[in-house]
Amino acid sequence: MDVMCHSVEVETPTTDPQPMLWSGWGDPAKAVDLPGPVRDLLGKLLGVRAPETPAADLAEVRPPAPALPPPVLDELRAVVGPAHVRCDDEARVRHARGRSTPDLMRLRAGDASGAPDAVLLPGSHDEVLALLRICAERRVAVVPFGGGTSVVGGLTAREEARARFTGLVALDLTRLNRLVAVDTESMTAELEPGLRGPQAEELLARHGLTLGHFPQSFEYATLGGFAAARSSGQASAGYGRFDDLVVGMTVATPRGTLELGRAPKSAAGPDLRQVILGSEGAFGVITSLRLRVRPAPQTRLYEGWRFASFTEGTAALRRLAQDGPLPTVLRLSDETETMVGLAGPEGIGGSASGGGCLVVAGYEGAAEEVPLRRERAAGVLAGLGGTPLGAGPGESWAHGRYSAPYLRDCLLAAGATVETLETAAFWSGLPRLYDAVRLALHGALGSPLVMCHISHVYATGASLYFTVVTAQSGDPLAQWEAAKHAANEAIVAAGGTISHHHGVGRDHRAAYAAEIGELGAEILRGIKERLDPQGVLNPGVLIP
Ligand SMILES: Cc1cc2nc3c(=O)[nH]c(=O)nc-3n(C[C@H](O)[C@H](O)[C@H](O)COP(=O)(O)OP(=O)(O)OC[C@H]3O[C@@H](n4cnc5c(N)ncnc54)[C@H](O)[C@@H]3O)c2cc1C
């Protein structure tokens with residue numbers, strides 16, 4: 001790729017990626033227990049009861065017998081070397097699923113039926129290309145695997161593989177972990193897709209730079225996954241969504257290589273980068289990314305505000321999004337979420353409680369600029385009825401910004417189902433969407449706890465992020481499916497998008513079909529047919 005680069009020394013991170021808790025979230029050392037009083041409260045309020053069967057042990061879980069013919073496995077081994085093909089039970093189980101609530105329920109029950117026959121770890125673009133050619137020729141389904149944090153069923157092609165292919169492999173991109181180049185004049189960097197969030201930030205920090213992309217899954221998700229699923233980080237108001245950061249890409253497909261993005265903007269036809277962004281591994285494997293970078297902020301400042309109602313808070317966020325100045329982080333919890341205190345990182349019962357609705361506003365940037373922007377934004381928030389709560393709630397949000405997912409594991413263990421879902425709409429349609437999703441979840445689940453926050457804002461609209469907690473029924477997977485179906489239908493009917501940042505995967509495919517219509521679906525099928533004629537790439541995701 002012909003890019004002007006001011007640093008061409010290839011660099012790798014100092015830390016190796018640690019494996020995630022195999023049937024839950026994150027670092028096993030950070031697992032938390034549900035405090036006794038919270039467990040009692042959940043029992044009293046929601047009827048939550050601890051399940052009788054404990055979660056399965058990794059050592060006891062057996063993946064299905066591998067289907068991949070040994071001669072094909074040998075061909076694949078010849079490309080990456082035997083050390084980079086893993087067929088052991090543990091590697092297969094760890095690549096069986098993503099991290100949605102039903103994924104975790106299945107894993108906790110010891111169900112590794114989604115496991116691939118083998119895990120391939122390519123070390124270069126050319127190796128990926130060669131593997132894809134073999135898989136297409138031998139009709140082997142391939143699931144590109146980044147951090148494995150998909151929450152939409154994006155990584156489980158076992159059923160499709162059984163029906164239509166001779167085997168299933170996971171293409172783990174962890175070894176593609178290099179900072180290839182930095183162009184400080186254009187403020188772009190070329191990075192490989194297997195880098196996890198903290199690894200990418202470590203490499204860029206050496207040059208005084210940042211991506212500014214901090215989703216809640218930051219610690220485990222990878223750059224390739226961010227691009228393939230159109231991720232959005234908690235600081236998107238300041239830095240933009242991940243797809244805003246992508247200026248170029250190299251993509252390996254069964255038909256060859258795509259090099260995309262030779263200028264910041266172009267009138268040379270439709271932007272093919274947009275075809276790959278959000279393609280969830282169904283069109284090709286992203287093997288390199290050219291990304292916009294920013295100077296690492298000198299100052300970070302987070303604070304809390306209280307509004308009397310979600311409606312008033314929403315109006316204040318809209319004003320900032322449309323007229324500025326825009327904080328770097330801007331989120332508003334509804335009354336329930338504020339009350340429960342999930343808005344604050346202390347978890348249930350935290351100090352964010354106290355009535356009304358909590359806004360967290362964060363400012364990152366140059367030392368002299370941040371206080372000025374903060375002061376002007378504070379003037380807008382105060383003028384629209386906000387009460388300043390000082391740095392406390394903002395700082396504690398920042399401190400605990402990655403801890404909420406650990407709570408999901410202990411809630412599941414206690415017999416509660418916890419799920420999150422997200423959507424977006426134009427400002428004028430937001431209240432209807434908010435009501436519709438809440439109503440659907442209540443209709444499907446009886447009396448769940450439903451909390452919501454506005455997580456990302458734009459001049460024309462915003463996203464809504466719901467968290468729902470309910471007592472597990474006798475068949476929690478069927479219960480989840482009914483609730484998911486109801487929420488998806490409500491989102492479509494209320495005019496929202498089926499996903500603002502989690503993607504489509506399998507769980508949103510039907511609703512996505514309704515969103516784009518039959519002609520839209522035909523376009524996607526046509527692209528798939530051209531790039532992947534044998535249909536081996538992540539079969540079953542995205543395309544209706
Ligand atoms: C606790 C938790 C919190 C989360 N918070 C957020 C959040 O704040 N914001 C947000 O946007 N998302 C969030 N997510 C969702 C998830 O982290 C994102 O979708 C993320 O982009 C996935 O990255 P990954 O590397 O884990 O990809 P994976 O889960 O491994 O893969 C996701 C999809 O992309 C494909 N893929 C992966 N790498 C490549 C590649 N190099 N080329 C082609 N296709 C590829 C896969 O086949 C799959 O379809 C969260 C998930 C969890 C579990």
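Is the crossing in which H12 passes H14 left-handed or right-handed?

A: It's right-handed: that is how H12 passes H14. In this convention a crossing is right-handed if the near helix is turned clockwise from the far one by less than a right angle, and left-handed if anticlockwise. Before going on, bear in mind that this is a predicted model, where local features need pLDDT of at least 70, side-chain atom pairs count only at pLDDT 80 or more, and totals for chains, interfaces and linings use all residues. Residues are numbered from 1 along each chain as its sequence is written, and side-chain values use heavy atoms, with hydrogens and water left out.

Back to the pair. H12 covers residues 310–323 and H14 residues 369–383, and they pack at an angle of about 145 degrees with their axes 9 Å apart. Axes here are lines fitted to C-alpha atoms, for helices over the stretch in contact, and angles run from 0 to 180 degrees between N-to-C directions. Helices are DSSP runs (H or I, at least four residues), as are strands (E, at least two), numbered from the N terminus. On the H12 side, Ala316, Arg319 and Leu320 make the contact, and they meet Ala377, Val380 and Leu381 of H14; contact means heavy atoms within 4.5 Å. Sorted by class, that's five nonpolar residues, no polar ones and one charged. The nonpolar class holds Ala, Val, Leu, Ile, Met, Phe, Trp, Tyr, Cys and Pro, the charged class Asp, Glu, Lys and Arg, and the others, Gly among them, are polar.

Follow the chain on and you meet a cis peptide bond, from Gly324 to Pro325, with omega near -5 degrees. Pro325 has its place in the loop between H12 and strand E13 (329–333).

For comparison, look at another pair: H4 (residues 101–108) and H16 (residues 404–414) pack at about 55 degrees, axes 11 Å apart. That makes H4 oblique to H16, given that angles under 35 degrees count as roughly parallel, over 145 as roughly antiparallel, 65 to 115 as roughly perpendicular and the rest as oblique. The crossing of H4 and H16 is right-handed. Thr101, Leu104, Met105 and Arg108 in H4 meet Arg408, Asp409, Leu412 and Ala413 in H16, and by class this contact has four nonpolar, one polar and three charged residues.
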